[in-house]
Amino acid sequence: MWMSSGLLEPGSSTSPATGIREQRSWRGRGNMGHYIPKKNVKRSVSDTLTEAEEDHFLDCPNADFFVRTAAFLLDGIFLFLSGFGLHRLFEAASLVLVPTESFQIFLGAFSFALEASLLYFYLWSLHHWGASPAKLLFGLRVLNSLSGRRLRFSEVCFREFLGKGLSLVSLAGFFLPLFRQDRLALHDLISHSIVKRVHGGL
Amino acid sequence: MILLVPVRPEVPRPQQPRLWPGLLFVLILGLVFLEASPILENDNDYVTQIQALPLKKQNPVSEMNAYLRIRPLLKIAPAKDDWDLKRVLLANFLHGNIPHLLLNQIAIFAGARICSTFLPFLYVFCIFLLGGSIGIWGSVVFSSDLSPYIPHLGASAGIFALMGTYYVYNFRYRTKYFFWFPSRHGLFALRTSWFFFIDVILLELVLSVAQFFPTRTDNVDHLAHVLGFGWGVLMALVVRAVQRWPGFLQTRLEFLHWSKLSCPASYDSIHSPIAIWLKCLQMNPYNDQLKSKLCRAILLRCEQLTDGELAEIFDHFCPTFMRLTPDIVGICLKTLLSKQRKIPRKWLKHVPYDIVIRLARTMADPVEDQKYLYEFIVAYRNLQPEGGDYEGQLELLMRKLSPMVVGTPAKSARFQ
C-alpha cells in the first residue's frame, strides 16, 4: 500500500537501544505522547541527542529530484577524480620506479586496493553520517524510512548496489521522484530508505 | 579542473570578481590563435610530410631532428635546443589546436577572474606572464623529449601560476565551484585547501616526475604546470609580505579598509580590536577566520565584553559557520554560561534546530559541563513560540535529558 500511495502510515517505531518510542505521526509535529524508558538500558546524553537529531530529520522535507541528481553527479565527479588521479599517479610511479613485472603487479594491486578504499569510504560515509560527501554539501540525509535511523552498512550496500542497479536497468527508477508525492526512487522503495533535505546546504 | 571549475571565492556580491579580466584573457588567446593559425597549419603539414619520408638506417634520429629543426612552428615557439626569451614569452599565448585553446580559455577565464578579487588586473597579468614563462622555460630546459625540437606552448603554465596565487590568497576560505549542472545546485562551496591540494599538488607534482622520462604518460606539460604553480605561490607570498596583508582578511576591500585604519584616540586593547573585526565582518560576512578570532576573544575576555558586543558577535554566527565549526561555538556558549553571562536572545531564537543539537553535543563532555547543555536547551525552548514546529521535540528532549544530566538546574535560562 505504501508503494502505491507514496505515503507512509502513521505509526510508532521502536528502538531496542533507546526504549519504547512514543506514537507519532509521519509529519511528526507535536503530540509526542509519553516516553517510557526501558529498564536496564544505559543511555548516554550523546545517544539521546543523536536520537533527537534523527527524529528532527524525519520531519524535514523529502529531497526533490533535482538536488538528488546534483548530489549524485557531484559524488560521481569526486569518485572519478579521486580514482583517475590515483590511476595516473601509479602510472607515473611505474615509469619512475624499477619496472619489474612483480613490482608492476604489486603496484597494480595497491592501486586497486586504494580505489576500492575510495568506494568503501563512500559507502561508510552513507552509513556513518547518513550522507555521502556531496549529499553532506547539499544538506541531504539518507534515512531508513521505517525506523528513521541511519542505514546500517548492509542496508547501504543493498541500496547502492542492488537498488541502484535495478534503477539503472529499469531507467525509470531514477526518475520516479519526479512523479511521486513522496519523491522516492525505485532504490529507495526497495531498500526502505528516504532522502531528506535537512538544510539548505553549506 | 574542467569538471569542477572554480568560479569565484565565497565573498559578498559587491566584492565578487568582475567578468572583464577573464574575458580579456580569453579574447587575447583567441586573437593570437587566429593570428598563428597559418603557421600551425603549415607546421602540421610539414610534420606529416617528414613523417612519411624514408629515413637512413644508420642514424634515423639525427636525420629526423635535422628535419624538425626547420619546422615552421619553431619560429614562434621554443624547444629544448632552440629557444629565446621572446619565444618563451610568446608561447604563453599559443595553442596547438582548438580543443587545447578552448580548455585553456575556460581555465584562464576562471583563473583570472578569481584572482581579480584580491589583486588588480596588472598584477594578475604579470603573474600569468612571468609564471607561465618560467614554467615553459623550466619545461624546455629540464624535461626529456623524444626530440629536442618539439615545441612547448600553451597558457596552462600561466594558468597554474594564477591558481598558485589564488591558493595563497584564499587558502583558509571557501571557493564556489561549478560542475556543469544546469541549475542553482550546480554551484556549491568547498574549502579551497581541500580540492586545490588534491588537484594541483598530488596529481601534477607526481605526474611531472614522469616527464623526466622520454616514455611519458601523456603530452601534457606537467612540469610547466608545477613550476608555474610554484612561481604563482612565491609571487603571492612576496606580494602579501610587501603589502603586510593579515592572514585573517580575505578580500581586497577588507585589506584596503584595514590598511587605512589609524589608531583611535581612545584605544582600548579589548574593545577596539573587536570593533574593527566587527566592521570587517560587516564588509565580508563570509570571513570565518574573523569569526574564529571573535570566538577566541569570547573565550579569553568573556567577562569584559559588553552584552551589545556579544549580541553583535553572535549575529555573525551564520548557520554554515556553526555547522562547519560547532566545537568552537559550543565552547563559547559553555564559557558564557559558566561565567553567568547571557546568551544573545535574537541569535538564539533563529538558530535552526539541527544546529542546536550539534551545539548541545559539544557540551556533552565532560559530564560536569552537561548542566550547561541543559540550560542551553531550556533557553532555546523558552524562546520558541507556543505550538511551534519544534515544541514537541524539545519537550521530549528535555524530558529525556533531565534525569541524565548531572546537576540539572531547574532555573529558567539566562538570555538577553
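Contact here means heavy atoms within 4.5 Å, and in that sense Tyr390(B) touches His56(A), Tyr353(B) and Tyr380(B), not counting residues up to four places away in sequence. This is a predicted model, in which local features need pLDDT of at least 70 and side-chain atom pairs count only at pLDDT 80 or more, while totals for chains, interfaces and linings use all residues. Residues are numbered from 1 along each chain as its sequence is written, chains are lettered from A and ligands numbered from 1 in the order in which they are written, and side-chain values use heavy atoms, with hydrogens and water left out.

**Chain B as a whole**
- Chain B holds 18 helices and three strands, where helices (H or I, at least four residues) and strands (E, at least two) are DSSP runs numbered from the N terminus.
- Of the 416 residues in chain B, 54% are buried, a term that stands for under 20% relative accessible area, with exposed meaning over 50% and partly exposed lying in between (1.4 Å probe, protein chains only).
- Among the contacts in chain B with a separation of 6 or more, 74% are made by residues 24 or more positions apart.

**Around Tyr390(B)**
- Tyr390(B) lies in the loop between helix H17 (370-383) and helix H18 (391-401) of chain B, and Tyr390(B) is partly exposed, with a relative accessible area of 25%.
- Between Tyr390(B) and Phe317(B) there are 73 residues in sequence and 21 Å in space, taken C-alpha to C-alpha.

**The sheet of chain B**
- Three strands of chain B form an open antiparallel sheet in the order S1-S2-S3, and two strands count as paired if DSSP finds at least two bridges between them.
- Strand S1 (5-9) and strand S3 (187-191) of chain B are the edge strands, each pairing on one side only.
- Strand S2 (residues 174-178) of chain B pairs with S3(B) in the antiparallel sense over five bridges, and Lys176(B) stands opposite Ala189(B) in S3(B).

**A strand pair in chain A**
- Strand S1 (residues 140-144) of chain A and S2(A) are joined by five bridges in the antiparallel sense, with Asn144(A) standing opposite Ser193(A) in S2(A).
- Strand S2 (residues 193-197) of chain A is mostly covered, five of its five residues being buried.
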